[in-house]
Amino acid sequence: MFELAGKRVWVAGHRGMVGSAVVRRLASEACEVVTADRSTVDLRRQAQVETYLNDVKPDAIVLAAAKVGGILANDTYPADFLYDNLMIEANIMQAAHENNIGRLLFLGSSCIYPKLNAQPITEDSLLTGPLEPTNEAYAIAKIAGIKMAQAYRRQHGHDYISAMPTNLYGPGDNFDLNSSHVIPALIRKTHEAKLNGDKEVVVWGTGSPRREFLHAEDCADALVFLLKTYSGDQHVNVGYGDDVTILELTRIVCGVVGFTGKIVQDLSKPDGTPRKLMSSDKLRGMGWAPSIPLRAGIESTYGWFLESTSKRSQ
Ligand code: GDP
């Protein structure tokens with residue numbers, strides 16, 4: 001057990017969808033949460049990270065900072081995804097070690113697993129086969145992060161752990177169509193199609209890939225659970241436990257938004273990996289389960305999107 005009460009916890013990446021959800025979730029724990037804006041600490045610069053940790057000296061770190069993006073962004077900017085993520089992980093873990101910070105939770109992603117892995121994917125599938133090419137750079141950086149956490153645990157005795165969330169969505173997501181993941185993209189596209197009176201909405205690829213989706217609030221709850229209760233070498237999958245095809249997902253989004261037109265495919269865009277349903281048996285076995293069903297989560301995310309677009313246009 002890691003007792004959070006009275007501890008100072010640095011949430012790195014607090015502006016992101018997951019980091020901000022972790023900050024909100026930690027508000028109900030008796031700990032002090034600290035954050036650093038990008039203008040104060042560029043996490044890709046080692047000296048800046050060292051100075052920050054030396055000044056602030058947290059007891060624990062949630063490493064939710066990362067360069068993230070959807071299939072097109074990952075495929076187009078592999079150097080950025082590899083460099084930024086490797087630097088962030090390496091700088092934070094080394095500076096944490098130098099400051100003798102003994103507790104750290106590193107966040108990865110389900111894309112670390114082989115492209116054609118048996119489903120549902122268990123933790124021990126890591127490094128057993130070739131990766132999905134569209135997000136290989138990001139996956140390699142995240143695999144390096146898992147291995148770093150294990151190495152600092154083994155060599156220095158620090159209690160660093162890793163969690164691998166499935167595809168996430170929720171309030172605070174990125175709705176830019178070129179860099180977003182599929183749920184925010186579909187929410188925005190169907191919303192705009194409805195407003196414009198369009199007859200159709202376009203989905204990338206065939207619509208047949210399957211994806212598992214977890215709401216960011218559920219993910220944050222699981223991460224705090226792991227921070228408080230888990231100590232171990234192996235990373236832990238954080239999933240929802242069920243998946244849908246992209247076409248089924250599009251129908252749900254259309255239903256939530258109230259768009260009744262046709263769904264058409266853009267076959268010039270990639271499908272990515274055919275399926276990546278994770279086994280979350282390990283986490284379930286520890287006593288954690290998600291509580292936000294997909295449709296309800298999309299409804300509240302659509303509500304957040306409407307609010308934030310109306311604020312922006314004021
Ligand atoms: P992935 O899980 O790394 O492939 O990330 P994404 O969330 O970007 O994409 C998931 C699946 O949704 C892929 O098969 C995409 O081709 C498909 N997809 C369909 N329409 C869209 C869209 O408008 N944007 C994105 N990002 N993906 C889409």
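A polar side-chain atom of K276 sits 3.2 Å from an oxygen atom of the ligand, a polar contact being a pair of N or O atoms within 3.5 Å, where a pair within protein must also have one atom able to donate a hydrogen and the other able to accept it, and residues adjacent in sequence count only if both atoms are side-chain atoms. The model is predicted: local features need pLDDT of at least 70 and side-chain atom pairs count only at pLDDT 80 or more, while totals for chains, interfaces and linings use all residues. Residues are numbered from 1 along each chain as its sequence is written, and side-chain values use heavy atoms, with hydrogens and water left out.

A backbone N or O atom of V182 is 2.9 Å from a ligand oxygen atom, and a polar backbone atom of S180 is 3.0 Å from a nitrogen atom of the ligand. On its own the ligand would expose 530 Å², of which the protein buries 98%; these accessible areas come from the Shrake-Rupley method with a 1.4 Å probe, and for residues only the protein chains shown count as cover. Two elements give two or more residues to the shell around the ligand, namely helix 6 (182-196) and strand 7 (200-204). Helix 6 gives the most, with 3 residues. Helices (H or I, at least four residues) and strands (E, at least two) are DSSP runs numbered from the N terminus.

In total, 17 residues surround the ligand, and the closest are I71, K189, R211, P270 and D271; a residue is near a molecule or strand if one of its heavy atoms lies within 4 Å of it. By type, the shell divides into 8 nonpolar, 5 polar and 4 charged residues. Here Ala, Val, Leu, Ile, Met, Phe, Trp, Tyr, Cys and Pro count as nonpolar, Asp, Glu, Lys and Arg as charged, and the others, Gly among them, as polar.

Attention now turns to the empty space inside the protein. Rolling a probe the size of a water molecule over the atoms shows where such space is left. The structure holds 1 cavity of 30 Å³ or more, a cavity being a set of points, on a 1 Å grid over the protein atoms alone, where a 1.4 Å probe fits but cannot get out. The volume of the largest cavity is about 70 Å³, a volume being the space filled by probe spheres set on the points, which are joined across faces, edges and corners. Lining residues have an atom within 4 Å of a point, and for the largest cavity they include S110, C111, Q119, N135 and K276. The lining divides into 4 nonpolar, 4 polar and 4 charged residues.

P120 belongs to the loop between strand 4 (103-107) and helix 5 (136-156). Most residues other than glycine have a negative phi, and most peptide bonds are trans. Two residues other than glycine with a positive phi are worth a look in the backbone: K57, with phi near 45 degrees, and N100, with phi near 55 degrees. K57 is in the loop between helix 2 (46-56) and strand 3 (60-63) and is partly exposed at 42% relative accessible area. N100 is in the loop between helix 4 (78-98) and strand 4 and is exposed at 62%. Buried means under 20% relative accessible area, exposed over 50%, and partly exposed in between, with a 1.4 Å probe and protein chains only.

R103, in strand 4, counts as buried at 2% relative accessibility. The R103 side chain is joined to that of D159 by a polar contact of 3.1 Å, and a polar atom of the R103 side chain is 2.7 Å from the backbone oxygen of L227. S280, in the loop between strand 11 (262-266) and helix 9 (281-286), is buried at 5%, and the S280 side chain reaches the backbone nitrogen of G239 at 2.9 Å. T76, in helix 3 (residues 71-76), is partly exposed at 47%, and its side chain reaches the backbone oxygen of L72 at 2.4 Å.

Note on methods: On a 1 Å grid over the protein atoms alone, a cavity is a set of points where a 1.4 Å probe fits but cannot get out, and a pocket is an open set with protein on both sides within 12 Å along at least five of seven lines; lining residues have an atom within 4 Å of a point.
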